[in-house]
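The sequence and structure come first.

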Amino acid sequence: MKVNKTHLAAVALVAAVTLLSACEKKTTTVSDTPSGSTSATSSTTTVAPSQAASNAMSATASAMDKAGDAAGDAMITGKVKTLLLADTDVKGLKIDVDTQNGIVSLNGTADTAGHSDKATTIAKGVDGVKSVDNKLTVKP
């Protein structure tokens with residue numbers, strides 16, 4: 001997922017709408033009757049404004065974290081793929097690299113078990129990689 005200004009603007013818009021929707025609304029009605037004046041006040045509040053602000057900030061932070069995680073995963077994938085392509089033993093064009101939450105998955109083929117192991121070692125050496133799931137098959 002690519003994080004861009006449109007995504008960030010959408011998150012800001014959701015936060016603003018949440019803040020505005022939680023404002024307290026009070027209505028006071030005064031009626032003159034033969035027996036005197038009466039007044040009635042009604043108040044509608046679903047969430048206190050300070051709680052709405054807290055909720056909006058939390059939702060915004062969560063969205064930003066998810067966007068940041070996706071961007072981080074994309075960076076890890078790019079770094080691993082670049083290093084695999086640069087290595088003379090590992091056939092990087094035959095290896096698909098996917099990253100989710102810092103876990104790198106290697107799919108495709110390797111010429112030898114040693115090359116498969118080297119691909120795992122290369123991936124593990126990239127900053128941000130939590131673990132590597134090597135699903136490479138060794139060509140007979």
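In this predicted model, the side chains of D87 and K118 are joined by a polar contact of 3.1 Å. D87 lies in the loop between α2 and β3. With a relative accessibility of 16%, under the 20% limit, D87 counts as buried.

- Leaving out residues up to four places away in sequence, D87 touches K118 and I122.
- T99 belongs to strand β3 and is buried, its relative accessible area being 15%.
- A polar contact of 2.7 Å connects the side chain of T99 to the side chain of T77.
- Beyond four places in sequence, T99 touches D73, I76, T77 and V104.

- In soluble globular proteins, nonpolar side chains tend to be buried together.
- The largest nonpolar core here has 16 residues, and those with the most contacts inside it are V80, L84, I95, V97, V104, L106 and A119.
- At least two residues of this core come from each of α2 (49-86), β3 (95-100), β4 (103-110), α3 (113-124) and β5 (131-138).
- V104, one of the residues with the most contacts inside the core, is in contact with I76, V80, V97, D98, T99, A123, V129, S131, V132 and D133 when neighbours within four places in sequence are set aside.

**Helix α3**
- α3 has twelve residues and reaches 17 Å from its first C-alpha to its last, close to the 16 Å expected at 1.5 Å a residue.
- The buried residues of α3 include H115, S116, A119, T120, I122 and A123. These residues lie on the same side of α3, because they cover an arc of only 160 degrees around the axis.
- T121 and K124 are exposed on the other side of α3.

**Loop between β3 and β4**
- N101 is found in the loop between β3 and β4.
- The phi angle of N101 is near 55 degrees, a positive value in a residue other than glycine.
- N101 counts as partly exposed at 46% relative accessibility.

**Salt bridges**
- The structure holds six salt bridges.
- One of them pairs K91 with D111, with the closest N and O atoms 3.8 Å apart. This pair links distant parts of the chain, K91 being in the loop between α2 and β3 and D111 in the loop between β4 and α3, 20 residues apart.
- K91 is partly exposed at a relative accessible area of 37%, and D111 is partly exposed at 27% relative accessibility.
- D111 also forms a salt bridge with K139, where the closest N and O atoms are 3.6 Å apart. Here too distant parts of the chain are linked: D111 is in the loop between β4 and α3 and K139 in the segment after β5, 28 residues apart.
- K139 counts as partly exposed, with 38% relative accessibility.
- The side chains of K135 and D133 meet in a salt bridge of 3.5 Å, N to O. K135 is partly exposed with a relative accessible area of 45%, and D133 is partly exposed with 32%.

How values were computed:
Residues are numbered from 1 along each chain as its sequence is written. This is a predicted model: local features need pLDDT of at least 70, side-chain atom pairs count only at pLDDT 80 or more; totals for chains, interfaces and linings use all residues. Side-chain values use heavy atoms; hydrogens and water are left out. A nonpolar core is a set of buried Ala, Val, Leu, Ile, Met, Phe, Trp, Tyr and Cys residues joined through side-chain atoms within 4.5 Å. Buried means under 20% relative accessible area, exposed over 50%, partly exposed in between (1.4 Å probe, protein chains only). Helices (H or I, at least four residues) and strands (E, at least two) are DSSP runs, numbered from the N terminus. Contact means heavy atoms within 4.5 Å. The expected span of a helix is 1.5 Å times one less than its number of residues. The arc is that of the directions from the helix axis to the C-beta atoms. A polar contact is a pair of N or O atoms within 3.5 Å; within protein, one must be able to donate a hydrogen and the other to accept it, and residues adjacent in sequence count only if both atoms are side-chain atoms. A salt bridge is a side-chain nitrogen of Lys or Arg within 4 Å of a carboxyl oxygen of Asp or Glu.
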